[in-house]
Amino acid sequence: MAASAVAPTPLLTDELDIIIPTIRNLDFLEMWRPFFQPYHLIIVQDGDPTKKINVPEGFDYELYNRDDINRILGPKASCISFKDSACRCFGYMVSKKKYIFTIDDDCFVAKDPSGKDINALEQHIKNLLCPATPFFFNTLYDPYREGADFVRGYPFSLREGAPTAVSHGLWLNIPDYDAPTQLVKPRERNSRYVDAVLTIPKGTLFPMCGMNLAFDRDLIGPAMYFGLMGDGQPIGRYDDMWAGWCTKVICDHLGLGIKTGLPYIWHSKASNPFVNLKKEYKGIYWQEELIPFFQSAVLPKECTTVQACYKELAKQVNAKLSNVDPYFTKLADAMVTWIDAWDELNPPSKAGLANGSA
């Protein structure tokens, strides 16, 4: 084998956990073995805790099911969704690493236009390790990328950038559509590979997808709560978007950046649009009020940690969204419970300056 084909040394193997929510055997890991095997996996098993989940040999992992969640969190386990991929955020809570990468079990290795396998994890790490530019848009996208720079007219005082808290990756093949769009475009597939990373500007919200996502747990971890979804709740499939809206408001307040674009993964199968519509229909209606709420949300300057910001957001959710539906009172309470559980497992003194005060 030619020297050029030798794989580079994996980055941050001791500082990153891979979080996977699942209800099935993790055979998909075989495709990811060259990229994931050097890392520690946290698998959060959804649904029936007595079901045996098979993990291919050779991976370093820990697996938690609902019984484990109840045992570890006690009464606070009520904040973790059941029968929904939002259960993944329990993995964020129990991890002790600085960085998190989360991926769905129907996501495979994609290929770039040259036919080379895409190491999605490596690209996410590169996104997180270089600054973001939320305060002034650079028309050449990521100015820190090799072969790029700040364009003429970009303020020199802003070229240092801001810490990157979140790296949001994209998908080839099955697009991340809502149920109505799935129904009218059942055969649509995404084959367009855009070789770009950009920072989402301050003051701009975005629909975050949790199937190909990485973040700096020290910087923003407590805000990555995927809400109350799934079994017993009136809404589903808005878990990652709820986390994205909350996270973006807090990142804007604390001066942190969020990047989107590369890396791509291959999303292998479309979920049933009729099932999705049952889960989403209230969210499709509610989001017309949720978006203006987040667009106008203001956090007081006294909120200097992610936890303080998140509890303040919970208070505003209760005050301003409870008239939309009683569910939001329940969700606001769960947001507070989540932070209390996070701090119980991750004492603030141990987190030090990381949680938003750096």
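Visitor: How many nonpolar, polar and charged residues does the lining of the largest pocket have?

Guide: This is a predicted model, in which local features need pLDDT of at least 70, side-chain atom pairs count only at pLDDT 80 or more, and totals for chains, interfaces and linings use all residues. Residues are numbered from 1 along each chain as its sequence is written, and side-chain values use heavy atoms, with hydrogens and water left out. A pocket, on a 1 Å grid over the protein atoms alone, is an open set of points with protein on both sides within 12 Å along at least five of seven lines, and lining residues have an atom within 4 Å of a point. With Ala, Val, Leu, Ile, Met, Phe, Trp, Tyr, Cys and Pro counted as nonpolar, Asp, Glu, Lys and Arg as charged, and the others, Gly among them, as polar, the lining of the largest pocket has 21 nonpolar, nine polar and 19 charged residues.

Visitor: Which element gives the most to the lining of the largest pocket?

Guide: Elements here are DSSP runs numbered from the N terminus: helices (H or I, at least four residues) and strands (E, at least two). β1 (16-22), α5 (179-184), α7 and α8 each supply at least two residues of this lining. The most, six residues, comes from α8.

Visitor: What is the volume of the second largest pocket?

Guide: A volume is the space filled by probe spheres set on the grid points, which are joined across faces, edges and corners. For the second largest pocket this comes to about 800 Å³.

Visitor: Which residues are the closest to the centre of the second largest pocket?

Guide: The lining of this pocket counts 31 residues, and α4 gives the most, with six. Closest to the centre are Lys 116, Asn 119, Glu 122, Gln 123 and Lys 126.

Visitor: How are the rings of Phe 136 and Tyr 154 paired: stacked, tilted or edge-to-face?

Guide: Rings of Phe, Tyr and Trp (its six-membered ring) pair if their centres lie within 6.5 Å; planes under 30 degrees apart count as stacked, over 60 as edge-to-face and the rest as tilted. The centres of Phe 136 and Tyr 154 are 5.0 Å apart and their planes are at 80°, so the pair is edge-to-face.

Visitor: Is Tyr 154 buried or exposed?

Guide: Buried means under 20% relative accessible area, exposed over 50%, and partly exposed in between (1.4 Å probe, protein chains only). Phe 136, at 36%, counts as partly exposed. Tyr 154 has a relative accessible area of 3%, so Tyr 154 is buried.

Visitor: How many residues apart in sequence are the parts that Trp 245 and Phe 294 tie together?

Guide: Their ring centres are 5.7 Å apart with planes at 45°, so the pair is tilted. Trp 245 lies in helix α7 (residues 239-254) and Phe 294 in helix α8 (residues 273-296), so the parts are apart in sequence by 49 residues.

Visitor: Which element gives the largest share of the lining of the largest cavity?

Guide: A cavity is a set of grid points where a 1.4 Å probe fits but cannot get out. The largest has a volume of about 50 Å³, and its lining divides into 10 nonpolar, no polar and no charged residues. Trp 242 and Trp 286 are among the residues that line this cavity. The largest share of the lining, three residues, comes from α10.
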